[in-house]
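I'd like to walk you through one structure, starting with charged pairs and then moving on to helices.

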Amino acid sequence: MARIQTINRETASAEVNATLDAVKAKLGKVPNLIATLAQAPVALNAYLGLSEGVTKGRLSAKQRESLALAIGQANNCQYCLSAHSLIAKGAGLNTEAIQAARKAEATDAVTEGLLTLAVKIVQQRGVLSDQDFIEAHLAGVDDGLILEVIAHVALNTLTNYTNHIAQTDIDFPVVTL
């Protein structure tokens with residue numbers, strides 16, 4: 001059972017309900033994570049804004065989902081691994097690519113470089129050595145992509161930590177850690 005409950009739509013403000021209606025129109029449902037974030041509209045709006053913002057970068061949907069999987073695995077977030085395993089299929093990743101992404105592996109050097117960098121950022125709390133930076137560049141990850149990866153780490157860490165603390169009920173096909 002969740003420690004922080006999803007928002008009660010009957011008592012939520014009109015503004016929060018309008019935001020959740022927009023999420024439902026886009027996704028077909030309001031995932032428990034989003035309904036939990038709605039307990040604090042500032043957190044919900046921050047999540048939605050950053051989530052939308054990162055889609056406008058240079059990374060493909062497959063790369064973004066691979067990052068979510070690698071970061072979710074690094075942070076041991078079962079909710080996000082479950083959600084993004086399903087979403088990744090919709091983005092065109094097969095079962096093998098999903099499993100590989102969870103291990104920060106990919107079939108192309110740039111994507112693998114992105115995943116490796118993201119996991120290092122998570123595990124090293126954002127402190128990269130000069131060698132880490134050089135390795136990212138050698139994999140084809142330029143400075144702009146490094147900054148995009150940081151944005152994805154921030155976004156996914158927000159959701160991973162929310163799920164850990166809230167103990168969000170998983171409303172996707174459950175994936176084991």
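Let me start with what I'm counting: a salt bridge here is a side-chain nitrogen of Lys or Arg within 4 Å of a carboxyl oxygen of Asp or Glu. Go by that rule and you get 7 salt bridges. Keep in mind, please, that this is a predicted model.

I'll take three of them. First up, Asp21 with Arg9, where the closest N and O atoms are 2.4 Å apart. This one ties together distant parts of the chain: Asp21 belongs to helix α1, residues 14–27, while Arg9 is in the segment before α1, 12 residues away. Are these two buried or exposed, or something in between? Asp21 is partly exposed, at 44% relative accessible area, and Arg9 is partly exposed too, at 32%.

Next, Lys56 and Glu52, whose side chains meet at 2.8 Å, N to O. Lys56 counts as exposed, with 62% relative accessibility, whereas Glu52 comes out as partly exposed at 33%.

Third, Arg58 and Asp142, with a salt bridge at 2.9 Å, N to O. How many residues apart are they in the chain? The answer is 84, with Arg58 sitting in the loop between α3 and α4 and Asp142 in the loop between α8 and α9. Arg58 is exposed, because its relative accessible area of 51% is over the 50% cut-off. Asp142, at 31%, counts as partly exposed. And one more thing on charges: salt bridges with shared partners join Lys26, Glu52 and Lys56 into one network.

Okay, on to helix packing. Two packed helices are described by the angle between their axes and the distance between the axes. My pair is α3, residues 41–54, and α9, residues 143–166, which pack at about 145° with their axes 10 Å apart. Their crossing is left-handed. Which residues meet there? From α3 you have Tyr47, Leu50, Ser51 and Val54, and from α9 you have Ala151, His152, Ala154, Leu155, Leu158 and Thr159. Sort the residues of that contact by type and you find 7 nonpolar, 3 polar and no charged. As a reminder, an α-helix has 3.6 residues a turn, so residues three or four places apart point the same way.

Pro41 is partly exposed, at 36% relative accessibility. Pro41 and Ser13 are 28 residues apart in sequence, and their C-alpha atoms are 9.6 Å apart in space.

Last stop, α5, residues 78–90. Quite a list of residues in α5 is buried: Tyr79, Cys80, Leu81, Ser82, Ala83, His84, Ser85 and Ala88. What covers them includes α2, α4, α6 and α9, and α9 is also the helix that packs with α3. After α5 comes Gly92, with a positive phi near 105°.

That's my tour, and I'm happy to take questions.

Key:
Residues numbered from 1 in each chain as written. Predicted model: local features only at pLDDT ≥ 70, side-chain atom pairs only at ≥ 80, totals over all residues. Heavy atoms only, no water. Axes fitted to C-alpha atoms, helices over the stretch in contact; angles between N-to-C directions. Helix = DSSP H or I, 4+ residues; strand = E, 2+ residues; numbered from the N terminus. Left-handed = near helix turned anticlockwise from the far one by under 90°. Contact = heavy atoms within 4.5 Å. Nonpolar A, V, L, I, M, F, W, Y, C, P; charged D, E, K, R; others polar. Buried < 20%, exposed > 50% of the residue type's maximum accessible area, 1.4 Å probe, protein only.
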